[in-house]
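Please keep the sequence and the three-dimensional view at hand while reading.

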Amino acid sequence: MIIARNISKKHKNKNVINNFNYIFNNGLYLVVGESGCGKTTLLNILSLEDKNFMGDLKCSSNILYLKDRNCLVNELSVKDHYKLFEKANGIKIEDYFDVGYLYNKKAKKLSLGEKQLVLLNIVLNCKEKIII
């Protein structure tokens, strides 16, 4: 669970987030909004990557923040990524999106959508309780 109380953040004297309050129970969350409205700033705060804010934030769960940046190693195949994750976490990855046809393809050859499917597959196999 994450409890956010009166979270505020300024950037260059502009309020980016103003008194945000929310209780996140275990689950999957999607944050949407217009460009520049503070989505990434909020996610950075919730994931504890940004600790320079006002307000109170309490976390009692592991949080996994799926960023919009590519974090796959270009020279590794999808299968290699899955093996690394499986070895590091002691689990077998369940393929939620039937991406077996991509297993031998290197990350640098994947489209953005394919990369997102692979990453989402990995994320959904994580032990974290809150995914944003």
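The text below moves from the whole chain to its sheet, its hairpin, its helices and its cysteines.

## The chain as a whole

The model discussed here is predicted. Its protein chain contains three helices and six strands. Read from the N terminus, these elements follow the order β-β-β-α-β-β-α-α-β. Taken along the principal axes, the C-alpha atoms fill a box of roughly 50 × 30 × 20 Å.

Of its 132 residues, 33% are buried. Among contacts with a separation of 6 or more, 62% are between residues 24 or more positions apart.

## The sheet

In general, the strands of a sheet pair through backbone hydrogen bonds, and the pairing may be parallel or antiparallel. Here, three strands form an open sheet in the order β2-β1-β4, and the pairing is antiparallel. Strand β2, residues 14–24, and strand β4, residues 54–59, stand at the edges. Each of these two has a single partner strand, so one side of each has no neighbour in the sheet. From one strand to the next, the twist averages 20 degrees.

How many bridges connect β1 with β2, and how many connect β1 with β4? Seven bridges join β1 to β2, and the two strands run antiparallel. Strand β1, which covers residues 2–11, pairs with β4 over five bridges, also in the antiparallel sense. Ala-4 stands opposite Leu-57 in β4, and His-11 stands opposite Lys-14 in β2.

## The hairpin between β1 and β2

Strands β1 and β2 form a hairpin with two residues between the strands. Lys-12 lies in the loop between β1 and β2, and Asn-13 has its place in that loop as well. Lys-12 has a phi near 55 degrees, a positive value in a residue other than glycine. For Asn-13, which is likewise a residue other than glycine, phi is positive and near 60 degrees.

Which residues of α1 are buried? They are Leu-42, Leu-43, Asn-44, Ile-45 and Leu-46. These buried residues pack against β1, β2 and β4, and also against β5, residues 63–64. After α1 comes Leu-48, whose phi is positive and near 65 degrees.

## Helices α2 and α3

Helix α2, residues 78–89, and helix α3, residues 112–124, have axes that come within 11 Å and cross at roughly 15 degrees. Angles under 35 degrees count as roughly parallel, so α2 is roughly parallel to α3. Their crossing is right-handed. On the α2 side, the contact is made by Val-78, Tyr-82 and Phe-85. On the α3 side, it is made by Val-118, Asn-121 and Ile-122.

An α-helix has 3.6 residues a turn, so residues three or four places apart point the same way.

## Cysteines and accessibility

A search of the whole structure finds zero disulfides. Cys-37 has a relative accessibility of 39% and counts as partly exposed. Cys-59 also counts as partly exposed, at 33% relative accessibility. Partly exposed describes values between the buried limit of 20% and the exposed limit of 50%, so both cysteines belong to this class.

The table gathers the accessibility values discussed in this report.

| Residue | Relative accessible area | Class |
|---|---|---|
| Cys-37 | 39% | partly exposed |
| Cys-59 | 33% | partly exposed |

How values were computed:
Residues numbered from 1 in each chain as written. Predicted model: local features only at pLDDT ≥ 70, side-chain atom pairs only at ≥ 80, totals over all residues. Heavy atoms only, no water. Pairing = 2+ DSSP bridges. Helix = DSSP H or I, 4+ residues; strand = E, 2+ residues; numbered from the N terminus. Axes fitted to C-alpha atoms, helices over the stretch in contact; angles between N-to-C directions. Disulfide = S-S within 2.5 Å. Buried < 20%, exposed > 50% of the residue type's maximum accessible area, 1.4 Å probe, protein only. Parallel < 35°, antiparallel > 145°, perpendicular 65-115°, else oblique. Left-handed = near helix turned anticlockwise from the far one by under 90°. Contact = heavy atoms within 4.5 Å.
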